[in-house]
Amino acid sequence: MSEAAVVSWSGRRSQARCMGDVEVCRSSGGQVWPILGSIYNFTEVFIIGIYYGQTKKPDDSNLFLEDFIAEAKELVENGVIFNNNLYRCVLKMLCADAPAKAFVLNVKSHSGYSSCTKCNEKGEYQNRRIAFSDKPSRLRTDEDFINKTSEGYHLGTSCLENIPQFALVSHVPLDYQHLLCLGVIKKLINLWLCDALKVRLPFRKSK
């Protein structure tokens, strides 16, 4: 399941926005794409919008985000009045797994060349996958993203650029799920349990 979250902060009040996909059932090709919200530093989650389609994901990320962007701009530009007090709203971050992040940012998929969202490392094809060097590479900047200075990285323009005070590099953290849980940890478990005897754990220690 792919999912994404946009988090906002506003002084004493803060807010999170989430979006993702959920299969309705295995026999159906349709999916529900909810957009959820949560107050930053709080655990409660609320529904902002729910969208259903017959495809695996929306065809156009900008069309999918259109209503959300309009609401986000309204909140950032005008704030929220609560108990006769005006609270300023600023979007703080977008947390997404790798596929969903590439989709909403309208950039290269995480499995392609030059797909890192934090640096300009191109990567090399090794063992049927793209491997990135451990050597330092020039970091991406928010200005680079807006100006689209990295050739081959951008697939188009993301409407997230229209949200005031929201930076599409510094406000988009790396994907813990794919980098660690489905990346490093999965690789280590496979090595320990299924790989060659020289690296595999003894059976008595694998229980």
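Predicted model: local features only at pLDDT ≥ 70, side-chain atom pairs only at ≥ 80, totals over all residues.

Biologist: Let's start with a pair of strands: which residue in S5 is the bridge partner of Gly 37?

Modeller: The bridge partner of Gly 37 in S5 is Phe 46. As for the general idea, two strands count as paired if DSSP finds at least two bridges between them. Here S4 and strand S5 (residues 45-53) pair in the antiparallel sense over eight bridges. They form a hairpin with six residues between them, and Asn 41 in the turn has a positive phi of about 75°.

Biologist: How many helices and strands does the chain have?

Modeller: Four helices and 10 strands. Along the sequence they follow the pattern β-β-β-β-β-α-β-β-β-α-β-β-α-α.

Biologist: Back to S4: how many of its eight residues are buried?

Modeller: Buried means under 20% relative accessible area, exposed means over 50%, and partly exposed is in between (1.4 Å probe, protein chains only). Strand S4 (residues 31-38) is mostly covered, with six of its eight residues buried. Over the chain of 207 residues, buried ones make up 35%.

Biologist: What is a nonpolar core, then?

Modeller: In soluble globular proteins, nonpolar side chains tend to be buried together. A nonpolar core is a set of buried Ala, Val, Leu, Ile, Met, Phe, Trp, Tyr and Cys residues joined through side-chain atoms within 4.5 Å. The largest one here has 26 residues, and Leu 65, Phe 68, Leu 160 and Ile 163 touch the most other members. The elements giving two or more residues to this core are S4, helix H1 (61-78), strand S8 (90-96) and helix H2 (98-105). H1 gives the most, with six residues.

Biologist: How many salt bridges does a search of the whole structure find?

Modeller: Two. A salt bridge is a side-chain nitrogen of Lys or Arg within 4 Å of a carboxyl oxygen of Asp or Glu. In one, the side chains of Arg 138 and Asp 144 meet at 3.2 Å, N to O. Asp 144 is buried, with a relative accessible area of 15%. In the other, Glu 161 pairs with Lys 148, the closest N and O atoms being 3.3 Å apart. Glu 161 and Lys 148 both lie in the loop between H3 and H4, so the pair ties together parts that are 13 residues apart in sequence.

Biologist: And how do I read a contact?

Modeller: Contact means heavy atoms within 4.5 Å. Take Ile 130, in strand S10 (residues 129-131). Leaving aside neighbours within four places in sequence, Ile 130 is in contact with several residues, among them Ser 111, Gly 112 and Tyr 125. Ile 130 and Gly 112 are 18 residues apart in sequence and 6.5 Å apart in space, C-alpha to C-alpha.

Biologist: Last one: what is the phi of Asn 83?

Modeller: Most residues other than glycine have a negative phi. Asn 83 has a positive phi of about 55° although it is not a glycine. Asn 83 lies in the loop between strand S6 (80-82) and strand S7 (85-87), and is exposed, with a relative accessible area of 59%. Asn 106 also has a positive phi, of about 60°, and is found in the loop between H2 and strand S9 (124-126).

Definitions and conventions: Residues numbered from 1 in each chain as written. Heavy atoms only, no water.
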